[in-house]
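Reader: I am new to this structure and would like to go through it with you. Could you please show it first?

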Amino acid sequence: MAGETVVAGAAAKAPKVEQAAWPLWKLCLMALPQLGVQVLWCFIGPNSAPYMLHLGMGPALATLNNVAGPITGFFTGPI
């Protein structure tokens with residue numbers, strides 16, 4: 001301990017490690033399942049309110065059912 005010199009910031013200087021960038025094809029491959037979900041909702045979305053009305057649900061509740069998905073996704077998406 002005695003006689004040692006400590007250089008300020010010497011411990012903070014770590015060697016820089018470069019991370020490899022992900023290629024575009026890997027990013028597209030990761031996004032592919034979400035594309036399938038989006039296409040599914042494109043077909044289900046417009047037809048859900050008339051189907052709910054056919055089942056006997058009220059018009060206000062059938063419309064609220066269409067709004068529930070995006071509101072839920074807004075809160076659960078960042079998780």
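Author: One term first: buried means under 20% relative accessible area, exposed means over 50%, and partly exposed lies in between (1.4 Å probe, protein chains only). This is a predicted model, in which local features need pLDDT of at least 70 and side-chain atom pairs count only at pLDDT 80 or more, while totals for chains, interfaces and linings use all residues. Residues are numbered from 1 along each chain as its sequence is written, and side-chain values use heavy atoms, with hydrogens and water left out.

Reader: What share of the protein chain is made up of buried residues?

Author: Buried residues account for 5% of the 79 residues in the protein chain. The chain has about 7500 Å² of accessible surface, and carbon and sulfur atoms hold 72% of that surface. These areas come from the Shrake-Rupley method with a 1.4 Å probe; for residues, only the protein chains shown count as cover.

Reader: How many helices and strands are there?

Author: The protein chain has two helices and zero strands. Both terms refer to DSSP runs numbered from the N terminus: H or I of at least four residues for helices, E of at least two for strands. Helix α1 covers residues 24–54 and includes Leu-32, and helix α2 covers residues 59–76 and includes Thr-63.

Reader: Is Ala-62 buried or exposed?

Author: Ala-62 is buried, because its relative accessible area is 2%. Ala-62 belongs to helix α2. Leaving aside residues up to four places away in sequence, Ala-62 touches Ala-49, Met-52, Leu-53 and Met-57, where contact means heavy atoms within 4.5 Å. From C-alpha to C-alpha, Ala-62 and Ser-48 are 7.8 Å apart in space and 14 residues apart in sequence.

Reader: And what about Thr-63?

Author: Thr-63 is partly exposed, with 47% relative accessibility.

Reader: How many aromatic pairs does the structure hold?

Author: The structure holds one aromatic pair. The ring centres of Phe-74 and Phe-75 are 5.1 Å apart and the planes are at 80°, so the pair is edge-to-face. Rings of Phe, Tyr and Trp (its six-membered ring) pair if their centres lie within 6.5 Å; planes under 30 degrees apart count as stacked, over 60 as edge-to-face and the rest as tilted.

Reader: Are those residues buried or exposed?

Author: Phe-74 is exposed at 61% relative accessible area, and Phe-75 is exposed at 58%.
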